[in-house]
Amino acid sequence: MVQRKDIKKAKRIVVKIGSSIITNEFDVIDEAFLDSLAKQVLYLTKKGKEIVIVSSGAVAAGMMVLKLKEKPKKISEKQAVAACGQGYLIHKYSEIFARYGLIVAQILLTSEDISARSRYLNAKNTLENLISRKIIPIINENDTVVTKEIKLGDNDNLSAEVACIIEADLLIILSDVEGFYDKDPREHNDAKVITTIQNIDKYLKKASNKAGSNVGTGGIYTKLEAAKKTIVVGIPTVLAKGREENIILKVLDGKDVGTLFCPGEKKISHKKYFIAFNVKPKGKLYIDKGAMEAITKKGKSLLPSGIQNVVGNFKAGDVVDIIYDKEVIARGLINYNLLEVEKIKGGHTSEIEKILGYRYDDEVVHRNNMVLVKAI
């Protein structure tokens, strides 16, 4: 199990800054906080650390620029406000970080940049290049063009995606809470921060999915979702109070602050992470009990004989859900298109070439390209 002392070894760190942290009590960009952040980043870079920042605040900054008291409700209004605010936000980052000789670069992403393999690799290569030049990437979701279909949803999950893209050693989520509590601190005065969490799933079920501030979009649930994504690939995650003095330095010094979410012994590869989290499934394969047991208990591939029904519009290489008894048990890259699977479902592997006139693979979904949903 990862311990606090192990965090000291982290070299590549993603820091997520929430809207409630980058703005003050008047919902305006807090320049004093950015100054403190810049000082911590400077100290860490001199120690050989590589820092990447995922920053909320575009809408908050836009509300400030436009002197709005309430967050817009229409998508077009939010996008217009974000467009005004993003420029101001990155200007403040550039201005304040420049005081300490630090150069920043703005990167705006949508879910399409994460789910399309070529764009995913382009984002990775750009980030790697910036890091190698000792430039600090400032990443945000591209709120000015994002739609419901391509929206990542919140910067907690974006920070997890970025951490996985660049294979970070640590993700630090800075919020307005001290960590993850054993009970809701808004309702219980005796609520205490849980310093270390290994089994995150039981807490996910209990967590509320309500936003915590007037300008933010995330809540404690999205932070747990983000932590779940990172720990399955072996990246420890710390949730801590962003306004505590030198909080990033304290985390990296192994201090007992916030909540540490520890990776388990079993990890999935970055390839399987991409399949599990980044790509929207294009179809559904409904399988029988025998196939379910072969996949979940024996680690086998999915053969045509175990498929009972198929739904969707997919081609070879797309991601599909594998379903047994109305429950998604696995997700994977399929070797055949919809019409081909319709023809070979229920048949034996030896019959594929006879039915289709050719055979790409014996397996419809190979185990190496499959992720068990319960394993993540």
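Which residues does Val162 touch, when those up to four places away in sequence are not counted? In this predicted model, in which local features need pLDDT of at least 70, side-chain atom pairs count only at pLDDT 80 or more, and totals for chains, interfaces and linings use all residues, the contacts of Val162 (contact meaning heavy atoms within 4.5 Å) are with Val14, Val52, Val54, Leu109 and Ile139. Residues are numbered from 1 along each chain as its sequence is written, and side-chain values use heavy atoms, with hydrogens and water left out.

Val162 belongs to the largest nonpolar core, which has 47 residues and in which Val14, Leu109, Ile139, Val162, Ile166, Phe180 and Phe261 touch the most other members. Such a core is a set of buried Ala, Val, Leu, Ile, Met, Phe, Trp, Tyr and Cys residues joined through side-chain atoms within 4.5 Å, where buried means under 20% relative accessible area, exposed over 50% and partly exposed in between, with a 1.4 Å probe and protein chains only. Among the elements that give two or more residues to this core are β2 (50-55), β3 (104-109), α7 (117-132) and α8 (155-165); helices (H or I, at least four residues) and strands (E, at least two) are DSSP runs numbered from the N terminus. The most is given by α8, with six residues. Apart from this core lies another, of 39 residues, including Leu34, Val41, Leu102 and Leu174.

Helix α3 (residues 31-46) packs against helix α5 (residues 75-98) at an angle of about 50°, with the axes 9 Å apart; axes are lines fitted to C-alpha atoms, for helices over the stretch in contact, and angles run from 0 to 180 degrees between N-to-C directions. The two helices are therefore oblique to each other, a class that holds the angles left over when those under 35 degrees count as roughly parallel, over 145 as roughly antiparallel and 65 to 115 as roughly perpendicular. The contact involves Glu31, Leu34, Asp35, Leu37, Ala38 and Val41 of α3, together with Tyr88, Lys92, Tyr93, Ile96 and Phe97 of α5.

Arg4, in helix α1 (residues 4-7), counts as buried because its relative accessibility is 11%. The side chain of Arg4 reaches the backbone oxygen of Thr195 at 2.9 Å and that of Val257 at 2.7 Å.

Positive phi values occur at Asn246, near 50°, and at Asp325, about 55°.

Definitions and conventions
A polar contact is a pair of N or O atoms within 3.5 Å; within protein, one must be able to donate a hydrogen and the other to accept it, and residues adjacent in sequence count only if both atoms are side-chain atoms.
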